Amino acid sequence: MGVYTERSWFLLQSKPHKDELAEAHLRNQDYEVYRPLAKRLRKQRGKMVKMTESLFPRYMFIYLDQGIEDNWGPIRSTTGVSSIVRFGRECLPPPVPTPLILSLKANEDELGDRAIDLDRFHKGDKVIITEGPFKGLQAVFQQYDGDNRVYILMHLLNTKRPSKMAISPAHLLAA
């Protein structure tokens, strides 16, 4: 594999729960770092609150001059950084395509909003349907299925077995 001769983005992995710390220490060393953020729902003192955290926990991107000709030693030994992501037995980490980074930056708000939706319900949570023909009925959340659907279980017409049904997560409220 050849030497990179222009600036490229590379993927870093941080130590568990040290994303913010690693980013701060890298910035203090004058590295250009991008850590996509999202607002997530987390339980704090018994209440669900929105918190800002990494969209991709434990991962961030770093932009380096002349690729691998930069001094990688300070990066690997930076507080909070676990490793530079490599694949297979390659000695050199692969660059991340710049269009991917630009797309992430352009869509960060939308991706962050989707992350909130994915945190909202957990298997077994009781939910209330807010729209459609089953509006006002209670169901049990089962699982997410892609960006636009969730599966819920609900009893219809006094049946003994609950029916599994797909619905938009936007049409549910916590019971």
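The protein contains four helices and eleven strands. The model described here is predicted. Of its 175 residues, 33% are buried.

- Considering contacts between residues at least 6 apart in sequence, 58% link residues at least 24 apart.

- Four strands form an open sheet in the order S2-S5-S1-S6, and their pairing is antiparallel.
- Strands S2 (32-34) and S6 (81-84) lie at the edges, each pairing on one side only.
- From one strand to the next, the twist averages 35 degrees.
- Strand S1, which covers residues 8-14, is joined to S6 in the antiparallel sense over three bridges.
- Gln-13 has Ser-83, in S6, as its bridge partner.
- Helix H1, formed by residues 19-28, packs on this sheet and touches S1, S2, S5 (59-64) and S6.
- The direction of H1 makes about 10 degrees with that of S5.

**Strands S7 and S11**

- Strand S7 (residues 126-129) pairs with strand S11 (residues 172-174) in the antiparallel sense, over three bridges.
- Within this pair, Leu-172 in S11 stands opposite Ile-129.
- In a regular strand, side chains alternate between the two faces of the sheet.

Conventions. Residues are numbered from 1 along each chain as its sequence is written. This is a predicted model: local features need pLDDT of at least 70, side-chain atom pairs count only at pLDDT 80 or more; totals for chains, interfaces and linings use all residues. Side-chain values use heavy atoms; hydrogens and water are left out. Two strands pair if DSSP finds at least two bridges between them. Helices (H or I, at least four residues) and strands (E, at least two) are DSSP runs, numbered from the N terminus. Axes are lines fitted to C-alpha atoms, for helices over the stretch in contact, and angles run from 0 to 180 degrees between N-to-C directions. Contact means heavy atoms within 4.5 Å. Buried means under 20% relative accessible area, exposed over 50%, partly exposed in between (1.4 Å probe, protein chains only).
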